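Please keep the sequence and the model in view while reading.

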Amino acid sequence: MGNISIGQIAGFISILTIIIGAITSLIAFSKAFISKLLKPINQKIDHLEEVSTSGRNNIELQLIKMILVNFINDIEHEVYKSPIQKQNVYELYDRYKTLGGNSYVHDRWEKLIKEGKI
């Protein structure tokens, strides 16, 4: 047992290389197989996230529009608004524009800005 030949070392390295190659191939195959199985599930999750985000944004847009309309109506009827209320409504208006709001609210907002009421 004390004498190990170069042939034995070469044989051991060859077997070790084959085993490592087989394991690497098995891992690559497993990843591809699992990825293929999960693809439809990932697509459904992505779609659900998209629908959910779209729905939340639409609800948020409608709520902000309602708040802005009430604020604009109060200003047009000369209801006093504190500086912090005005600051808050400016932030809401920025969010409204970010969400894609651009309707009669925009026109009335710009009119009140030009008149110096907000």
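A residue is called buried when its relative accessible area is under 20%, exposed when that area is over 50%, and partly exposed in between, with a 1.4 Å probe and protein chains only. The model is predicted, so that local features need pLDDT of at least 70 and side-chain atom pairs count only at pLDDT 80 or more, while totals for chains, interfaces and linings use all residues. Residues are numbered from 1 along each chain as its sequence is written, and side-chain values use heavy atoms, with hydrogens and water left out.

Side chains of opposite charge can pair when their charged atoms come close. Here a salt bridge is taken to be a side-chain nitrogen of Lys or Arg within 4 Å of a carboxyl oxygen of Asp or Glu, and by this rule the count comes to six. One of them joins Glu76 to Arg108, whose closest N and O atoms lie 2.7 Å apart. This pair links distant parts of the chain, since Glu76 belongs to helix H1 (residues 6-76) and Arg108 to helix H3 (residues 104-114), 32 residues apart; helices are DSSP runs of H or I with at least four residues, numbered from the N terminus. Arg108 counts as partly exposed because its relative accessible area is 25%, and Glu76 is likewise partly exposed, at 29%.

Glu115 is partly exposed at 40% relative accessibility, as are Lys111 at 46% and Lys117 at 35%.

Turning to the interior, a nonpolar core is a set of buried Ala, Val, Leu, Ile, Met, Phe, Trp, Tyr and Cys residues joined through side-chain atoms within 4.5 Å. The largest such core has 15 residues, and those with the most contacts inside it include Ile64, Leu68, Trp109 and Ile118. H1, helix H2 (83-98) and H3 each supply at least two of its residues, with H1 giving the most, namely six.

Val105 is also among the core residues with the most contacts. Not counting residues up to four places away in sequence, Val105 touches Lys65, Leu68, Val69, Ile72, Tyr93 and Tyr96, where contact means heavy atoms within 4.5 Å.
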